[in-house]
Amino acid sequence: MNRRKTRKEKILFITQLAVLLSIEILLCFTPYLGFIPIGGTMEIVIFLIPVIIGSIVLGPTAGGILGFFGGLTCFIFYTVAPYASFSGRIMYTPFNGSSYWTIVVCFVPRIIMGIIPGILYKYGNKAIKNDYVRTGLACFLGAITNTVLVLFGTYFLWGKDYAALSPTNMSYGELFFGFLFLTFTAGLLEAIVTTIVGIPICKALFTIIKKNSR
C-alpha cells in the first residue's frame with residue numbers, strides 16, 4: 001500500500017512539475033504576456049510566477065529545476081524573439097556586444113529564486129503560523145530576489161559595459177540609481193502581482209495534493 005502511495009505521489013509530482021513548466025514556457029513565448037513592456041526599454045516579468053508556485057508547492061528542488069528552465073527560456077526568448085526589448089537583449093544574451101556574464105545573470109538568479117520560496121515556506125512555519133501569510137511572503141520575496149539579483153548582478157559583474165551599451169546612455173554611477181529605481185517600481189509591481197496570483201494557486205494545488213495523497 002505504501003509503495004503504491006509513493007508511486008502515486010511521484011507521478012503527481014512529475015505531472016505538476018510538467019504542467020508548471022509548460023505554463024512557464026507558454027507565458028514566456030506568448031507576445032507581451034510573459035514580458036509586459038514598460039517605457040519601451042524594460043519589461044515586467046510575469047512568466048516566472050510558475051517557478052515560485054512550484055517551489056512553494058513542490059519544494060525547493062522542483063523550484064530550482066523550474067528556475068533553470070526559466071533561465072533557459074529567457075535566454076532563448078531574448079536571442080530569437082523579434083519583439084524582445086533591446087535592454088533585455090543586452091542584459092540576458094552575449095550576442096549583441098554584451099559580456100558573457102549575461103549567461104550567469106540569466107540563469108543563476110532564476111535558480112536561486114526557485115529555491116528560496118520553497119525554503120521560506122517549508123521552514124518558516126514556526127515563525128509564521130498563518131499559512132496564507134507565509135505563502136504570500138514566500139511569493140513576494142521570491143520575486144524580489146530575482147529582480148535584485150538580475151539588476152545588481154548585472155551592475156557588479158559588468159555594469160560599466162552595460163551602461164555603455166544601454167540606449168539610455170547612463171554613466172556607471174547613474175546605472176546604480178536606475179536599477180534601484182526599477183527595483184522599487186517594476187520589481188515591486190512584479191512582486192505584488194506574483195503574490196496576488198500565487199496565493200490562491202498555491203492553496204488550490206495544496207488541496208489537490210492532499211486529496212490525491214489519501
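This dialogue walks through the features of one predicted model.

Reader: What kind of model is this, and how are its residues numbered?

Author: The model is predicted, so local features need pLDDT of at least 70 and side-chain atom pairs count only at pLDDT 80 or more, while totals for chains, interfaces and linings use all residues. Residues are numbered from 1 along each chain as its sequence is written, and side-chain values use heavy atoms, with hydrogens and water left out.

Reader: How many helices and strands does the protein chain have?

Author: Helices (H or I, at least four residues) and strands (E, at least two) are DSSP runs, numbered from the N terminus. The protein chain has seven helices and two strands. From the N terminus on, their order is α-β-β-α-α-α-α-α-α.

Reader: What does the radius of gyration say about the protein chain?

Author: The radius of gyration is taken over C-alpha atoms, and the globule rule is 2.2 Å times the number of residues to the power 0.38. For 214 residues, a compact globule would come out near 17 Å; the protein chain has 18 Å, which agrees. Its C-alpha trace spans about 65 × 35 × 25 Å along the principal axes.

Reader: What share of the residues counts as buried?

Author: Buried means under 20% relative accessible area, exposed means over 50%, and partly exposed lies in between (1.4 Å probe, protein chains only). Of the 214 residues of the protein chain, 48% are buried. Thr 154, found in helix H6, is buried at 0% relative accessibility. Leu 26, in helix H1, counts as exposed at 57%.

Reader: How many residues of H2 are buried?

Author: H2 is mostly covered, with ten of its ten residues buried. Among them are Ile 49, Pro 50, Gly 54 and Leu 58. Just after H2, Gly 59 takes a positive phi of about 110 degrees.

Reader: Which residues have the most contacts inside the largest nonpolar core?

Author: In soluble globular proteins, nonpolar side chains tend to be buried together. A nonpolar core is a set of buried Ala, Val, Leu, Ile, Met, Phe, Trp, Tyr and Cys residues joined through side-chain atoms within 4.5 Å. The largest one here has 51 residues, and Phe 35, Phe 47, Met 91, Tyr 92 and Phe 179 have the most contacts inside it. Elements giving two or more residues to this core include helix H1 (2-29), strand S2 (42-45) and helix H5 (101-123). The largest share, eleven residues, comes from H6.

Reader: Which residues does Tyr 92 touch?

Author: Contact means heavy atoms within 4.5 Å. Leaving aside residues up to four places away in sequence, Tyr 92 touches Cys 74, Phe 75, Tyr 78, Thr 102, Val 105, Cys 106, Arg 110 and Val 150. Over the protein chain, among contacts between residues at least 6 apart in sequence, 68% join residues at least 24 apart.

Reader: How many salt bridges are found in the whole structure?

Author: Side chains of opposite charge can pair when their charged atoms come close. A salt bridge is a side-chain nitrogen of Lys or Arg within 4 Å of a carboxyl oxygen of Asp or Glu. A search of the whole structure finds two. In one, Arg 134 pairs with Asp 131, with the closest N and O atoms 3.0 Å apart. These two are three residues apart in helix H6, so about one helical turn separates them. Arg 134 is buried at 10% relative accessible area, and Asp 131 is buried at 18%.

Reader: Where do Asp 131 and Lys 203 lie?

Author: Asp 131 forms a salt bridge with Lys 203, the closest N and O atoms being 2.1 Å apart. Asp 131 is in helix H6 and Lys 203 in helix H7, so the pair ties together parts that are 72 residues apart in sequence.

Reader: Which residues make the nonpolar surface patch?

Author: Patches are made of residues with over 30% relative accessible area and no salt bridge; like charges are joined within 9 Å, and nonpolar side chains (Val, Leu, Ile, Met, Phe, Trp, Tyr) within 5 Å. Accessible areas come from the Shrake-Rupley method with a 1.4 Å probe, and for residues only the protein chains shown count as cover. Leu 188, Ile 192, Ile 196, Val 197 and Ile 201 make a patch of about 380 Å². Leu 188 is found in helix H7 (residues 172-212) and is partly exposed at 33%.
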